[in-house]
Amino acid sequence: MSDPDISTSATMDPAQPGGETTTRRMILNMGPQHPSTHGVLRILLELDGETITKAEPDIGYLHTGIEKQAEALNWQQVVTLTDRMDYLANLSNNLAYALPVEKLLQIEIPDKAQWLRVLLVELTRINSHLVWLGTHALDLGAMTVFFYCFREREDLLRIFEMFSGQRLMTSYIRIGGLALEPPRGWQQVVKKFNDALPSNIDEYEDLLNTNPIFLNRVKGVGYLPLEKLLALSVTGPMIRAAGLKWDIRKSEPYSSYEKFDFDIPVYQEGDVWARYRVRMEEMRQSQRIVKQALEGMPEGSWKADAPKVVLPDREKMKTQMEALIYHFKIVTEGFRVPAGEAFVPTESPRGEIGFFCVSDGTAKPLRVFMRTPSFANLQALSPLFEGNLVANSVAALGSLDFMLGDVDR
Amino acid sequence: MLPEPLQSLPVPAALEAWDPQAIVDGSLELGETLLWVAPEKIVAVCQELRDNLGFERICGVTAIDRYPMEPRFEVVYFVHSISRNIRLKLKVALPGADPAVSSVTPVWAGANWYEREAFDLFGIRFEGHPNLKRIMMPEGWEGHPLRRDFPTHVHKYSYQNE
């Protein structure tokens with residue numbers, strides 16, 4: 001970025017009439033391949049020396065038309081698309097999609113399935129925050145944290161693989177419950193990971209909290225006031241770091257979150273440092289939720305009793321006529337969802353995610369609007385950048401924690 | 001006139017009292033409040049919601065294409081009051097020919113990109129929007145992909161020099 005020959009396409013203001021000095025505003029392309037953008041985000045920066053005077057994000061490089069594709073698939077198949085939006089929080093996306101469709105279908109999800117969902121979504125939150133922490137620290141020059149975070153993330157991916165057979169594109173939370181029966185011995189594996197997590201988080205904090213280089217680069221950087229964030233529809237850790245105690249898991253509980261005891265971390269500073277603290281604290285709270293879910297896991301079924309929606313057991317399918325018919329119907333044409341529309345907001349690692357599902361009574365959605373947190377949060381990029389130094393922009397960008405697949409869909 | 005179940009809810013009742021012409025219709029289904037707003041009143045309604053009824057933020061803006069029905073488009077606004085913990089869906093019906101509605105970006109800056117997205121993917125114009133240009137698709141793209149009459153698979157596009 002510092003070498004103007006390589007990366008700039010420059011346009012300059014004409015020399016000021018009558019004066020000896022001339023101002024040169026430089027237009028600089030940050031991205032789409034800039035490493036700190038973590039994806040394909042292009043930001044057009046207008047620079048006055050080292051200061052950014054204007055920043056305009058250019059998105060759409062990852063636009064794959066997921067909302068359009070969803071209209072061509074049947075309801076259950078759309079679950080696989082949701083994995084591919086925010087590929088670090090796929091289970092949160094699966095859940096956010098399953099909830100409105102279940103609301104339209106009006107099916108009851110058994111307690112065990114709900115608790116397993118909570119457990120998996122919280123593990124996803126830890127996973128997402130670990131990747132964020134690793135890459136954010138890496139952007140700011142602290143390389144070791146990245147390796148530590150990915151060490152724990154590997155354990156998490158193994159857990160996801162154990163449950164669903166997939167490390168990343170899990171599609172494990174389905175309409176009507178879960179995709180498969182939880183594997184044998186999952187409790188021990190999750191417990192082992194979960195018990196080790198607090199000391200691991202301490203370890204990351206040891207590396208960063210007293211590190212003067214890190215502190216200088218995050219404290220007081222990237223400040224945005226709460227009113228501005230609210231007006232820009234920013235959600236999630238960003239807004240909690242600016243002093244608003246608002247978490248959808250508490251204010252509009254879904255999937256039995258009301259039965260869990262956890263705190264909402266809030267910091268008042270509204271800078272990159274506060275966002276870091278909020279996310280670290282959220283990992284601890286997620287650890288608490290996972291612990292409660294492990295200890296209090298209710299007995300019961302992992303899928304709803306809705307034969308027209310949920311695939312029957314293999315055993316039943318081979319022995320009972322009706323089960324075979326339902327199986328055939330669900331697999332060949334999908335299930336019909338009553339006409340109507342539903343929107344259920346949920347709290348993903350990045351903020352508010354909600355799917356607005358509109359059905360016309362057929363087996364395919366009429367419209368699925370995906371209200372993704374990254375898209376809205378990225379609107380805060382211009383105010384974060386403008387008036388600040390180029391060197392600080394990388395820290396501010398990392399603190400947004402957006403996922404380009406989630407932005408472009 | 002508000003339908004029966006909505007009259008007892010505070011926000012629809014307050015809007016009805018504020019301007020009886022603004023809310024055309026409404027419903028309460030699956031616990032979600034939906035209000036149909038007269039298209040020319042949408043900005044005034046949003047202003048009232050933000051200034052006097054505590055709706056600090058807009059959660060999103062999108063559209064639904066009911067092709068081939070008329071009015072073809074529904075623009076949906078998800079507004080949210082954190083302080084009162086109330087969510088509201090506002091809808092505006094627009095015709096298939098040259099759909100246009102006033103922009104609510106001056107009310108909530110967060111609507112900016114959502115309106116650009118709806119403009120890009122549905123071809124709905126938001127009048128008074130500060131920067132209404134394509135956001136997802138490339139500049140030279142023809143058509144609006146999320147319209148129901150836009151085919152899913154047959155398109156080819158070669159990127160021009162931008």
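1. This is a predicted model, and the notes below should be read as such. On one side of helix H2 of chain B, B:Pro10 and B:Ala17 are exposed, whereas the buried residues of this helix, which spans residues 10–18, are B:Val11, B:Pro12 and B:Leu15. Viewed down the axis of H2(B), the buried residues fall within an arc of 100°, so they line one face of the helix. As background, an α-helix has 3.6 residues a turn, so residues three or four places apart point the same way.

2. What do the buried residues of H2(B) pack against? Their partners, which belong to chain B, are helix H1 (4–7), helix H3 (42–52), strand E1 (23–29), strand E2 (32–37) and strand E5 (86–94).

3. Turning to the contact between the chains, chain A contributes 27 residues and chain B contributes 24 residues. On the side of chain B that touches chain A, the elements giving two or more residues are strand E3 (57–65) and helix H4 (111–122) of chain B, and E3(B) supplies the largest share, six residues. Sorted by class, that side of chain B has 14 nonpolar, six polar and four charged residues.

4. For chain A, the domain assignment gives domain 1 as 4–58 and domain 2 as 66–408, and the C-alpha centres of these two domains of chain A lie 35 Å apart. The contact between them involves 15 residues of domain 1 of chain A and 16 residues of domain 2 of chain A. Strand E3 of chain A, residues 51–58, provides the largest share of the domain 1 side, seven residues. By class, the domain 1 side of this contact divides into six nonpolar, six polar and three charged residues.

5. How do helix H4 and helix H5 of chain A cross? The axes of H4(A), residues 90–105, and H5(A), residues 111–139, come within 7 Å and cross at roughly 140°, which makes H4(A) oblique to H5(A), given that an angle has to be over 145 degrees to count as roughly antiparallel. In this contact, A:Leu91, A:Ser92 and A:Leu95 of H4(A) meet A:Arg117, A:Leu120, A:Val121 and A:Thr124 of H5(A), and the residues involved are four nonpolar, two polar and one charged.

6. Leaving aside residues up to four places away in sequence, A:Leu95 touches A:Arg117, A:Val121, A:Ile173, A:Ser255 and A:Thr346.

7. A:Phe214 and A:Tyr276 are 62 residues apart in sequence, and the distance from C-alpha to C-alpha is 11 Å.

Key:
Residues are numbered from 1 along each chain as its sequence is written. Chains are lettered from A and ligands numbered from 1 in the order in which they are written. This is a predicted model: local features need pLDDT of at least 70, side-chain atom pairs count only at pLDDT 80 or more; totals for chains, interfaces and linings use all residues. Two residues are in contact if their C-beta atoms, placed from the backbone, lie within 7 Å. Helices (H or I, at least four residues) and strands (E, at least two) are DSSP runs, numbered from the N terminus. Ala, Val, Leu, Ile, Met, Phe, Trp, Tyr, Cys and Pro count as nonpolar, Asp, Glu, Lys and Arg as charged, and the others, Gly among them, as polar. A residue is buried if 20 or more other C-beta atoms lie within 10 Å of its own, exposed if 12 or fewer, and partly exposed in between; C-beta atoms are placed from the backbone. The arc is that of the directions from the helix axis to the C-beta atoms. Domain bounds come from an automatic or database domain assignment. Axes are lines fitted to C-alpha atoms, for helices over the stretch in contact, and angles run from 0 to 180 degrees between N-to-C directions. Angles under 35 degrees count as roughly parallel, over 145 as roughly antiparallel, 65 to 115 as roughly perpendicular and the rest as oblique.
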